[in-house]
Amino acid sequence: MGTLKFTVLYLILLLSSKVTSNVGEWQSATATYTKEIDGSIITEGACGYGDLHKISYGKYSAGLSTMLFNKGSTCGACFEIRCVDHILWCLQGSPSVILTATDFCPPNYGLSADYGGWCNFPKEHFEMSKAAFSEIAELRADIVPIQYKRVNCERAGRLRFTMSGSSHFYQALITNVGLDGEVVAVKVKGSKTGWIPMARNWGQIWQCNVNLTGQPLSFEVTTSNGKALTSYNVAPANWQFGQTYEGKQFK
Ligand SMILES: *[C@@H]1O[C@H](CO)[C@@H](O)[C@H](O)[C@H]1NC(C)=O
């Protein structure tokens, strides 16, 4: 009887960990690197992050193929990546790096999927910075086989909300998201409004068509594993477009 109880309990634990965990199994993909001058990806990017050094993703950022990018939903998610199955190009012991998804790697249908069209649908491909790539593989390799898995993001500090748009068209860029890093829903509340659902504009830029000028703002952010976090009075009444304000952080 006791054994049966434990077996059932064990099965329940096993099943629930499968359902709630967003950190997956190793999957196969490929990786290349971009030849940026200082070894980092610093361009605007399809996630809306702007200068990546300012928001600290820096060299540990990657552009994702259509399949992985998922129309921008994956922006901010963290991936552990290691080079596998290539004795000449993979560094010994298959060391791994953790990258944040910060950009889209566009398809190139003029090239075949195994020759230049690495980011063509339905390929799973990571375009890394040169500096991060050099931590897993030889730089003389142009493309390497890798394995990746989703991991939780280690973020120093709190969630950041950067205001943009206009009084007709209010937008917030959300960065430095901990936990699984992938924001799937956002609500905003001014001191004179209820909770207003925001829509994804592109990447991690969220918007609503309400005039929120002159009101202190609170935010509710939900990540892909269903955790919601409410930060009250993130921005004061005199908040300005272009400014960044901090909320709480996922634990
Ligand atoms: C938005 O609200 C502010 C503060 O109430 C007001 O000064 C401004 O005129 C409003 N803008 C528009 C376009 O309604």
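**A walk through a predicted model**

Let's start with a proline: Pro122 sits in the loop between strand S4 (96–104) and strand S5 (125–129). When I say helix or strand, I mean DSSP runs, numbered from the N terminus: H or I of at least four residues for helices, E of at least two for strands. The peptide bond from Phe121 to Pro122 is cis, with omega near 0 degrees. Most peptide bonds are trans, and most residues other than glycine have a negative phi.

Before going on, a word on what we are looking at. This is a predicted model, where local features need pLDDT of at least 70, side-chain atom pairs count only at pLDDT 80 or more, and totals for chains, interfaces and linings use all residues. Residues are numbered from 1 along each chain as its sequence is written.

Now the overview. The protein chain has three helices and 14 strands. Of its 251 residues, 38% count as buried. Buried here means that 20 or more other C-beta atoms lie within 10 Å of a residue's own; exposed means 12 or fewer, partly exposed is in between, and C-beta atoms are placed from the backbone. Of the contacts in the protein chain with a separation of 6 or more, 68% are between residues 24 or more positions apart. A contact means that two C-beta atoms, placed from the backbone, lie within 7 Å.

On to the sheet. In what order do the strands of the open sheet of eight run? The order is S13-S12-S9-S10-S11-S8-S7-S14, with antiparallel pairing. S13 and strand S14 (244–246) are the edge strands, each pairing on one side only. Neighbouring strands of this sheet are turned by 30 degrees against each other on average, direction ignored; the axes are lines fitted to C-alpha atoms, and angles run from 0 to 180 degrees between N-to-C directions. Two strands count as paired if DSSP finds at least two bridges between them.

Let's stop at strand S11 (residues 205–208). S11 and S8 pair in the antiparallel sense over four bridges, and Gln207 in S11 is the bridge partner of Gln171. S11 also pairs with strand S10 (residues 195–202), again antiparallel, over three bridges. Here Arg200 stands opposite Trp206 in S11. S10 and S11 form a hairpin with two residues between them, and Gly203 in the turn has a positive phi of about 50 degrees.

Which residues other than glycine have a positive phi? One is Leu179, at about 60 degrees, placed in the loop between strand S8 (170–175) and strand S9 (183–190). Leu179 is partly exposed because 19 other C-beta atoms lie within 10 Å. Another is Asn233, at about 45 degrees, in strand S13 (residues 228–235). Asn233 has 14 C-beta neighbours inside 10 Å, so Asn233 also counts as partly exposed.

Next, Tyr148 in strand S6 (residues 144–151). Is Tyr148 buried or exposed? Tyr148 counts as buried because there are 22 C-beta neighbours inside 10 Å. Leaving out residues up to four places away in sequence, Tyr148 touches Gln27, Ala29, Phe79, Glu80, Ile81 and Phe126. The C-alpha atoms of Tyr148 and Glu124, 24 residues apart along the chain, are separated by 9.9 Å.

Last, the ligand. The residues around the ligand are Ser167, His168, Asn211, Thr213 and Gly214, where a residue is near a molecule if its C-beta atom, placed from the backbone, lies within 6 Å of it. By class, this shell has five polar, no nonpolar and no charged residues. In that scheme Ala, Val, Leu, Ile, Met, Phe, Trp, Tyr, Cys and Pro are nonpolar, Asp, Glu, Lys and Arg are charged, and the others, Gly among them, are polar.
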